[in-house]
Amino acid sequence: MSKKIFSGVQPTGNLHLGNYLGAIKNFVNFQNQTNTDCIYCVVDLHAITVKQDPSKLKANIRETTAAFIASGLDHKKSIIFQQSMVASHSEFSWILGCSARMGWLNRMTQFKEKAGKDKEKASVGLYVYPVLMAADILLYDTTHVPVGEDQKQHLELTRDIAQKFNLDFNSNDFLKIPEPMIQKEFARIMSLKDGTKKMSKSDPSEMSRINLNDSKEEIENKIKKAKTDTLALPDNTNELENRPEAKNLLGIYSSLNNQEINKTIKEFSGKSFSEFKKKLSEIAIEKIYPISLEMSKLKKDFTFIDSVLTDGNAKADTISSKKVSEIKKIIGF
Ligand code: AMP
Ligand code: TRP
């Protein structure tokens, strides 16, 4: 059976190394497998669950698309599209919201984190965000969803919603139950300033993350200033459990090099952080800087970026509107 891959990234600016290693790099791996159809979405409807500046949002939609292409996605092999331009997503999200249970959504930890202390003031959109994500995935009969660790709970919810819909409408197997594809290692890249906090687009400190559009000097400088401890690098993984910064930096090096962490530990055991950071800088520049260069070229070519999305929107619309028609019949509309 062929695989169907779907994933999304929010156009909220500051795409970073965590987005790349946790998600986008795998999008490219899937695209290059045989018997695999890939659909990658710029999820702008998800972005507006928190306040966005309209002109910045537009620029960020193009920037995220540019990041996809610069990282190796090819619009001739994968469908690359903009969520808000394909009406089925909003439509199906409403329908699925009637299958999802309040109790399930109440357990979502990302809502709790993003809403903060004053939940009364959070948007309703932020609360039902995972239902829209389920709609994204289920519209395309997706079999696998490559995401970072932080999306695991949303994928479990997607499976629950799909099962409930199938059961309620006695439509066994109509909505396909997707598998999460979360890497075993390095699925959570941490902040360069605090190894216990996720690397995040919204961290106020630029020094906490390597952005995909950073210059060589910025990459080097951020790694140089990254938080470490005072010990030499360890000779086994057990020791890393209490050394979050060492664990994160060794993980980043391993992931960039496509190698297991044990190999990296062997390579640097007993060495100083300054020696290790030089090597880490080299590999980060080698892998990330070409993406940054390509992004800055692409960002100037609005016509091309917009045409990629227009083409992808039409393809996504063809698939998803057919699914929505079937869904309407099942429901009794
Ligand atoms: P977002 O920027 O929240 O739309 O995330 C896009 C993708 O990047 C999702 O699959 C996330 O799970 C993944 N991601 C975001 N931050 C990290 C991180 N620090 N480490 C690993 N994956 C991440
Ligand atoms: N919620 C995801 C994130 O914040 C983005 C997303 C939206 C997504 N729809 C999706 C990811 C569908 C995978 C599949 O990272």
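The model is predicted. Ligand 1 takes up space in the largest pocket, and ligand 2 also sits in the largest pocket. The shell around ligand 1 holds 17 residues, and the shell around ligand 2 holds 13.

**Ligand 1: surroundings**

- Among the 17 residues that surround ligand 1, the closest are Gly 148, Asp 150, Ile 189, Met 199 and Lys 201.
- Helix 1, which spans residues 17-31, provides the largest share of this shell, with four residues.
- By class, the shell around ligand 1 consists of six nonpolar, seven polar and four charged residues.

- Gly 148, one of the closest residues, places a backbone N or O atom 2.9 Å from an oxygen atom of ligand 1.
- Ile 189 is also listed among the closest residues, and a polar backbone atom of Ile 189 lies 2.8 Å from a nitrogen atom of ligand 1.
- For Gly 18, a backbone N or O atom is found 3.2 Å from a nitrogen atom of ligand 1.
- On its own, ligand 1 has 480 Å² of accessible area, of which the protein covers 93%.

- Gln 10, Tyr 129, Met 133, Asp 136 and Gln 151 come nearest to ligand 2, out of 13 residues around it.
- Strand 1 (3-9) and helix 7 (124-138) each contribute at least two residues to the shell.
- Helix 7 makes the greatest contribution to the shell around ligand 2, namely four residues.
- The shell around ligand 2 comprises seven nonpolar, five polar and one charged residues.

**Ligand 2: polar contacts and cover**

- The side chain of Asp 136 has a polar atom 2.7 Å from a nitrogen atom of ligand 2.
- The side chain of Gln 151 has an N or O atom 3.1 Å from a nitrogen atom of ligand 2.
- The side chain of Gln 10 has an N or O atom 3.1 Å from an oxygen atom of ligand 2.
- The protein covers 91% of the accessible area of ligand 2, which amounts to 370 Å² for the ligand on its own.

**Thr 65 in helix 3**

- Thr 65 belongs to helix 3, which covers residues 54-70.
- Thr 65 counts as buried because its relative accessible area is 0%, and the cut-off for a buried residue is under 20%.
- A polar side-chain atom of Thr 65 lies 2.7 Å from the backbone oxygen of Ile 61.

Terms used: Residues numbered from 1 in each chain as written. Chains lettered and ligands numbered in written order. Predicted model: local features only at pLDDT ≥ 70, side-chain atom pairs only at ≥ 80, totals over all residues. Heavy atoms only, no water. Near = heavy atom within 4 Å. Polar contact = N/O pair within 3.5 Å; in protein donor to acceptor, adjacent residues only side chain to side chain. Areas by Shrake-Rupley, 256 points an atom, 1.4 Å probe, with all protein chains shown as cover. 1 Å grid on protein atoms, 1.4 Å probe; cavity = no way out; pocket = protein on both sides within 12 Å on 5 of 7 lines; lining within 4 Å. Sits in = over half its atoms within 2 Å of the grid points. Nonpolar A, V, L, I, M, F, W, Y, C, P; charged D, E, K, R; others polar. Buried < 20%, exposed > 50% of the residue type's maximum accessible area, 1.4 Å probe, protein only.
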